Each structure stands twice: as structure tokens, then as C-alpha cells.
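Here is a short briefing for a reader new to this structure. Please look over the sequence and the model before reading on.

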Amino acid sequence: MRDHTTGLPRAVTAVMEGYANRPALGERARESVTDAATGRTELRLLQHYTTVTYTELWERAGAVAAEWAADAERPVGEGDFVAVYGFTSVDYTVLDLACLRAGAVSVPLPYSSSLDKLKPIVAESAPRVLATTIESIDNAVELALSAPSRPRLVVFDFHPEADEERERFEAARVRLADAGDTAVEALSAVITRGRTLPTPVTPEAAEGNPTRLLTYTSGSTGAPKGAIYTDSMVQSLWAGWFAPKDDASPVTMGYLPMSHIAGRASLYMTLVQGGTVYFTGLSDMSTLFDDMREARPTQLLLVPRICDMLLQEYQSRSARRAGEFADPDAADKAVKAELREEFVGGRVRDVLCGSAPIAAELKRFVESCLKLTLRDVFGSTETGPILIDGRVERPPVIEYKLADVPELGYYTSDVPHPRGELLIRAETITPGYYKRPDVTASVFDTDGFYHTGDIMAETAPDHLVYLDRRNNVLKLAQGEFVTVSHLETTFATSPLIRQIYVHGNSERAHLLAVIVPTEDALAQVGGVKELKSLLAASLQEIARYAELEPYEIPRDFLVETEPFSTANGLLSEVRKNLRPSLRDRYGDQLETLYEELVSGREKALRALGAAGPDQPVFEAIRAAASALLGCPASELRPTARFTDLGVDSLSALSFSQLLRDAFAVEVPVGVLLSAGNDLQAVADHIEAARAGAAGRPSSASVHGADAAEVRADELTLEKFLDVTALGSARPRSGVVPHTVLLTGANGYLGRFMCLDWLERLSATGGRLICVIRGRDDADARRRLDAALDSGDQQLLSRYQELADRHLEVLAGDISAERLGLEEDTWKRLAMDVDAVFHPAALVNHVLPYEQLFGPNVVGTAELIRLALTGKVKPFTYLSTVAVAGGLDPARLDESADIREASSLRALTDGYASGYATSKWAGEVLLRRAHELYDSPSPFCAPT
């Protein structure tokens, strides 16, 4: 088959003759059943399959090709087009092979597409024959009558013994006759007549590599385009895109449509190995798992939606059988064993997934359920296979490269891995789109590389990691990018969510969604309000597990009880969300929901402001959070943390300003975003301020309210500390530190510093003390452990070994008095700590200086107080090169005094201006401490 000199027709002939009497295709048996009351006859599926051999299949295809060639009015021969409209089946395969035997170009129509999308395809391809299933005959008549080529209509998968099917066939005949066209016949009649005609001669290898197939894209992002497949490309498709796992002839399931290249590849690769394809019983795939149980496939080509269905069945069965097992692991094993036997037939030895990226957690589930390694195949209609398990397939890929996508922030210069759009040259790549020279030119660069539209990261030569589709990335109003397909895949792992469509645009700061709940979710509640609460909690739980950013969580959603399907035009044939159709269906409702959220928020916030500063604090905070976040106030408990509610830094800034206006109290963003603070802690902060408790230093108290610029001489230690209490500090001893205090140990750089100090202190029996935000010491330790768990088990084991002997973790807040620690603990640290290392900061390039003042300036001042209490301790401070922005490089060196080099800074809303100024202020304070108390204070300013 890989020898292209023989030609595609002769190569396929050799396959069919070589496997002559083997079963090639199987379909569910049916029986006629007559209703005694109505007298009408319909078909019922039976619990077994009937098969046709390779010889029978090839003979039927030859008969059809012979009959087409002999048609006096619409003969079909070399280079003519045949459109096939319907779901994959035995008859469909006969028609496809008939095109091959006749030398015709097969045009599989996306059977789930609307007439508006199909009519241009039929007009563009001008088929001589339009073959349709009886299921799609009404639309096919519309297509035939609207097509300039007025194709002959051939009906397949037609059972005249079923009353409804026969009536639909006759209605189509009458309608075509009324329009002056009588060309409609059943495929069975075409085969019968063709058997009386001479068998077509198998042609030699074609010259010029002619077109054999037009595969139209699903239109999930716009109008369908016909990708050209030449003779050699289709032969490569038959030869197989990837190596089989073993030499045994496979048994596979035919459920993917032939208009999708994955379905066609699966069929061809099974036949070329002498295997058998068993087709699913119904086009809506509602019988798929019943079909698998009967067919007992040995190889499965899955798509993510089928993996989702398997996961949801696992979740449902696990819930039903939970009471049977005391041990959760035993329950897990029992349910998965049941699924292996009952759902997929019990003898699968090879499993692949294609058509769309699969979420990592979903892949792990499928592998654990089937006890097999899932091979992840990545490619497209236009390119064929590109990656298997993240590795570039050579062949067919000849060469690849990444290209910058600046509007989405992807660059080949990115670290640690280059990122960008994948461009490739490959043996299996389409030469272009049929009759679309402009579109073809737009997807190929000047060197012949095809723009795949896929964003990739190159982790090593020939190793790529899929990030998203270029056109599946949304930019929200605050500038954050979200990959909606990734979010949809992630949220669909919820046992309560059957399907989800995530919606957003650049005019809005947050996402919305449409959710189709599972049957289990519907059974748990009595109304829509309760259902929304249940689904909202599930979204939050999934987001925490997947470590999503707050802005990636839909702020609100519509509940839809009608599933997205191919029938209602919301899913493509391979069960991908059709985003244009979903946007058309739900766009107006979602925009109304946006408007309702805005108006509801404005109303609630006006009420909050009108109530004045004497209103109950916690109730006011809960009402404000409900208004800003779009969640019911009843769900906001005192222990809820803002970071768990989808609050990002910009939302926190709005909330901070709102509370300041309502209570005349400063509530810094750092207080809201602290991992150790919940709603009640924020309320306590406001209550304490209202009761007259001593306030902490603020930007206003140090620089003046509404300052437009800040001066170094305003940053004096007296404004932060009781300097009279620092005069008794003992001079530093100069010995090697035995006890080290480290901030920010769970941050990016802090993790490495933590490991480094643990190693160094292990040699001397010393101790590392880390101050980390948390509800208590145990929670703070859990946060640090999670930060060090990077997936490297050897590294994690070493950390745990060192931590058990040399680590102490304290829950604290560096911007709070005494670092948020108890008095006794503070005194102990003042006496025991030998050196302070301070990489911690609230790193945010959007927040203004006044909001970063608490964590970054007051926090540094509080650590200076610790460094100068009891004994003078060396203090290492992590700054940023942003401090040097706009300054004369000649004035900056290791010995430069920042107070002289940068004595005044303007407060602007420029990018990272607030952050740079807050780190500058920390440097100024440390300079003063060094000058007054001889505190050694090295600076480090990384890029």
C-alpha cells in the first residue's frame, strides 16, 4: 500500500482480494415489528451483528460504479464528483469504494451541518450524484433542487419494509417529480442493476496525482472549506498514519463520521490490516456502548467526548455502589473492571484518542480504567497526523517551526520553552482548498509551510505540547487571555456537568457559560435555583483542583436542559462545540445576563453606600462580594476566602475601594488576597479600625493623601517603627547563620532558596524558619509542601527529609504588626534568628503603589524591625530591575545610594509602575537602617 507506483485503485483491489472471505464490515441486525394497535411497521435493533466479507463489499462497490458509468443522463467517471450525505455505515462504505472504482471524487458532506452550510458545498463541488441516508432525505431533496448541477439522488440505509422510511422515500419522489426531476433511487436498486453490467476495469496508477477526496472542515469556527486530498494522500491514508500495536487484525468500532478524517482513517487502517469494522447502530450514538459490548473491539479510537461519557458513567456507577464497599480503592477497582467488561467489551488491547486535545486528568482516568496506555494522536483535516504522544511523527512531517503570535503573547523567545503557532511541511498536507485560492494562499507562508492555527510549546527537539487553538483564545477586558476550549474540557470533568460552553469577549472582564447538567445533577435538586447553586459549587471545586486563575471561572451561567447535539446544530460530527452556532443560539441571552449582573451590582453597591459606615460589617461585606462576584449572598460563609471566590487583583482593587468608601477605612488589597484571611477576617480588620485601634502605616500617612509623586526623604523609619526601642540591639556577631528567617518560600524564587538553605543548614544542624500566609501553621506548611511538589518525586523526598529535621513554618503576614505572630513567637525570633532573607512581595504589574504599599513597603519595614531587635541581623532583600527604569545607568552601581540616584518618583498608571515604586521604597528603608544601625543589607535585583 505504501508503494505509490501501483496506484490507489490497484492497491485497494489487492487488499480486497487478499482478505476475500474475511468479515470486513458489521452492522447491527434489525427486525421488522408491527404494532398491533396501529398496524404500522418499524425496525428494531437486535443484540447481534451481521457481517459482509471483503469480496461482498468489493463486489457491491463494483456494481455501483458500473451502474453509474452506464447512466446516460448523469454518467460518473474519472474526475466527476459524488456527494455522500449521512452517517457512517456499510452502505456508506460501499458508496465510498464505488467512487474509488469509478475514479470519482468523493465529497462526504458534514451530516450534522445546517442546510445553509451544506448548500454552498453542493454548489461548489457540483456533484453528479448526491447519495443520502433515508434519515437525511428531506434535507437532501432541498440540496438537490437548489444545486445548479441537479444531481441524481441515491438513497442508502433505506429499509422499505419500515412504514415511516417508505413514506419519506415516496414523499421525496413526489416532490422531485413535481419539480420536474424523477432521478431518485434506492442504493439496493442501483446495485441490482449494476450487477447485470460489465465490471469496471481497475485503472492503472493515475497520472498527475489527481484529486480523490474533498473533506470539508466542520465549520466550528466559520464557513466550511474543502481540503483537497490527492490520489497519493488517500493511499497514505489507507497505508496507515501510525504503526499498529501488534500484527493481529484489529476489530474496531465505526462511529466517527466519514466527513471527518479520523473516521475515514480508522476505517481504512482497519481494512488494510484485514480487520473488521463494526458500525454503531444509530447515528446519534446512543447505542455506542451497547454496540461495543456486542462487537468486543480490540482497538479503540476515541474522541474526548466519548472519554467524558466513560468518566460520567464511572462517576454514576461509583455513586450508586458506594454503599457496597468500605474501602474506596476497592470500589474504584470494581467499577472500572465492570466498565472494561460491560462498556467496551473486555478485550481492548490498544486505545488511541484523536480529533481534539484530551485533558491530562481525563487521559489518566481512561488509562486507569482500561489498564492501557492511551496513545494521543494529534493532527488535522489539512495536515494528517502531526504528533503522537507529543512527539513529531517523521514521516509524514518533513519540517516544522514555531511562529510568534504577539497579539496573544506567544513568542519563540519565551522561556523556559519557545511558544508560538505551529507551521509544518509534511507528506500528507493538503495542497489547498478547492476553488479557494485566496484562503489557500493565506494558510501557506512563502517557504511552503502550512499555518496550523495551533499554539504549541517546544519542550525539546521534536517534542511539542499543545496549548490551544489560535482562534480559541479570548482576551478579556483587563487584558487576561483565556483558552476557552481548555476550560470547557476541564469543567466537563465535573460529575454534574454534561456539557459546557464558555463565553466571553474583550469588552467584558469575566466569563459566562451555558451548562447542560447531567441526569444525576437534575435528580439532586427540586428547582433551577438549587441547581445553579450546585453547579456553581462544582465549578469552584473543579477550578481549585485544576489550579485555574480566578478570571477563568465563569461568573454566572445559563442552565440548559436540552443537550448540545448534532441534531440541533450545536455539535460537530466529532462532538466538538460549534462555537458560532452556540454563540448564535445563546449570545443574546448571555449579553442580557451580563447586563443583569452589571445592573444588579450597581443597585447593590448603591444600597451599600447609602447604608453608611455604621451598618453591620460582615453583612455588608457579604452583600458587596455577592454583587461584585455574581454569587448568592447565602453561599458566602464567614470562612470563605476571596481567593477561592474567583477574585483577581483588579476585582480586589474594586472591592478595596468600595469598602473604603462605605466604612471610611483602608482595606488594602493584600488583606483581601491573603491566603490566611477569610471574609470574617476582613470584617474584623474593619471593626478594629472603626473601634480606633492603632492603624498601620499607609501610603497616605507616609506621603500624604492623593500624592502624585513620592520622595525618598518621606520614607523614614520613624513613620513605620518605634525607633527608640531599637537602640539596644546588640551588634551582629559575624558568625555563620544557624537560624535563618525566609519569607516567600512558596513563591517561584523562594522555593529554590528554601531548598538551598535546608541543604546548607543540614550540614550544621541549623534551622530554617519560613513565614507564610495561612489560616494556621499547619495550613501554611501545606501551602509550602504544595509549592515544592513539582512532580519530581526524588526532589520532593529530599525536601521532606530535610524539612522534618530543619524546617519550621509559621503562619503570618509580613505586613501585619509583629509579622502577624504572637508576642512570644516574635520575641523568640528576635533572639534566635541570625539572618533575614526577604524575597517575598506582592508581585502585581497592574495595582497602584498605594495598594502594594502594605505588603511590599510596610512588610519590609516590619522585617527591618525584626532584624534590629535583640541583635542586628544581616538582611538580604530581593528587589527588581524595574526600580532602575528611567534612571541614568551611570548613576547605578553596587555602591550607589538609591536615595540619591532616585530621590523622587512619579505615581503613574504605567505598566508595573506601582510595583517598581514599592520595591524602590523598600530599598530606601534598608538604606536608612544600614546608615543608622550598621545593618548589612545586600540587594539583589533580578530581571
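A salt bridge is a side-chain nitrogen of Lys or Arg within 4 Å of a carboxyl oxygen of Asp or Glu. Arg195 and Glu59 make one, with their closest N and O atoms 2.8 Å apart. The model is predicted. A search of the whole structure turns up 53 salt bridges.

**Salt bridges**

- Side chains of opposite charge can pair when their charged atoms come close.
- Arg195 is partly exposed, at 47% relative accessible area. Glu59 is partly exposed too, at 34%.
- Glu73 pairs with Arg74 in another salt bridge, and here the closest N and O atoms are 3.8 Å apart.
- Is Glu73 buried or exposed? Glu73 counts as exposed, with 67% relative accessibility.
- Glu801 and Arg798 form a salt bridge at 3.4 Å, N to O. Both residues lie in helix H26 (residues 793-806). They are three residues apart, about one turn of the helix.
- Glu801 is partly exposed at 41% relative accessibility. Arg798 is partly exposed as well, with a relative accessible area of 30%.
- Salt bridges also link residues into a network: Glu313, Arg317, Arg321, Glu324, Glu338 and Glu342.

**A nonpolar surface patch**

- Which residues form a nonpolar patch on the surface? They are Tyr748, Leu749 and Phe752. Together they have about 360 Å² of accessible area.
- Phe752 is part of helix H24 (residues 748-762). Phe752 is partly exposed, with a relative accessible area of 49%.

- Gly765 lies in the loop between H24 and strand E28 (767-772). Gly765 is partly exposed, at 45% relative accessibility.
- Gly765 and His738 are 27 residues apart in sequence. In space, their C-alpha atoms are 7.7 Å apart.

**An open sheet of three strands**

- Three strands make an open sheet, in the order E23-E24-E25. Their pairing is mixed.
- Strand E23 (497-503) and strand E25 (556-559) are the edge strands, each pairing on one side only.
- From one strand to the next, the twist averages 25°.
- How many bridges pair E23 with strand E24 (residues 512-517)? There are six, and the two strands pair in the antiparallel sense.
- Ile497 stands opposite Pro517 in E24.

**Strand E9**

- Five of the five residues of strand E9 (residues 226-230) are buried, so E9 is largely enclosed by the rest of the structure.
- Gly226, Ile228 and Thr230 point one way from E9, whereas Ala227 and Tyr229 point the other way. All are buried.
- E8 and E9 run antiparallel, joined by five bridges. Leu213 has Tyr229 in E9 as its bridge partner.

**Aromatic pairs**

- The structure holds 16 aromatic pairs. One of them is Phe378 with Tyr466: the ring centres are 5.3 Å apart and the planes stand at 45°, so this pair is tilted.
- That pair links distant parts of the chain, 88 residues apart. Phe378 is in strand E14 (residues 374-380), and Tyr466 is in strand E20 (residues 463-469).
- Phe378 is buried, with a relative accessible area of 11%.
- Why is the pair of Phe444 and Tyr450 edge-to-face? The planes of their rings stand at 65°, and over 60 degrees counts as edge-to-face. Their ring centres are 5.5 Å apart.
- Tyr450 is buried, at 4% relative accessibility.
- Phe720, Tyr849 and Phe853 form one aromatic cluster.

Definitions and conventions. Residues are numbered from 1 along each chain as its sequence is written. This is a predicted model: local features need pLDDT of at least 70, side-chain atom pairs count only at pLDDT 80 or more; totals for chains, interfaces and linings use all residues. Side-chain values use heavy atoms; hydrogens and water are left out. Buried means under 20% relative accessible area, exposed over 50%, partly exposed in between (1.4 Å probe, protein chains only). Helices (H or I, at least four residues) and strands (E, at least two) are DSSP runs, numbered from the N terminus. Patches are made of residues with over 30% relative accessible area and no salt bridge: like charges are joined within 9 Å, nonpolar side chains (Val, Leu, Ile, Met, Phe, Trp, Tyr) within 5 Å. Accessible areas come from the Shrake-Rupley method with a 1.4 Å probe; for residues, only the protein chains shown count as cover. Two strands pair if DSSP finds at least two bridges between them. Axes are lines fitted to C-alpha atoms, for helices over the stretch in contact, and angles run from 0 to 180 degrees between N-to-C directions. Rings of Phe, Tyr and Trp (its six-membered ring) pair if their centres lie within 6.5 Å; planes under 30 degrees apart count as stacked, over 60 as edge-to-face and the rest as tilted.
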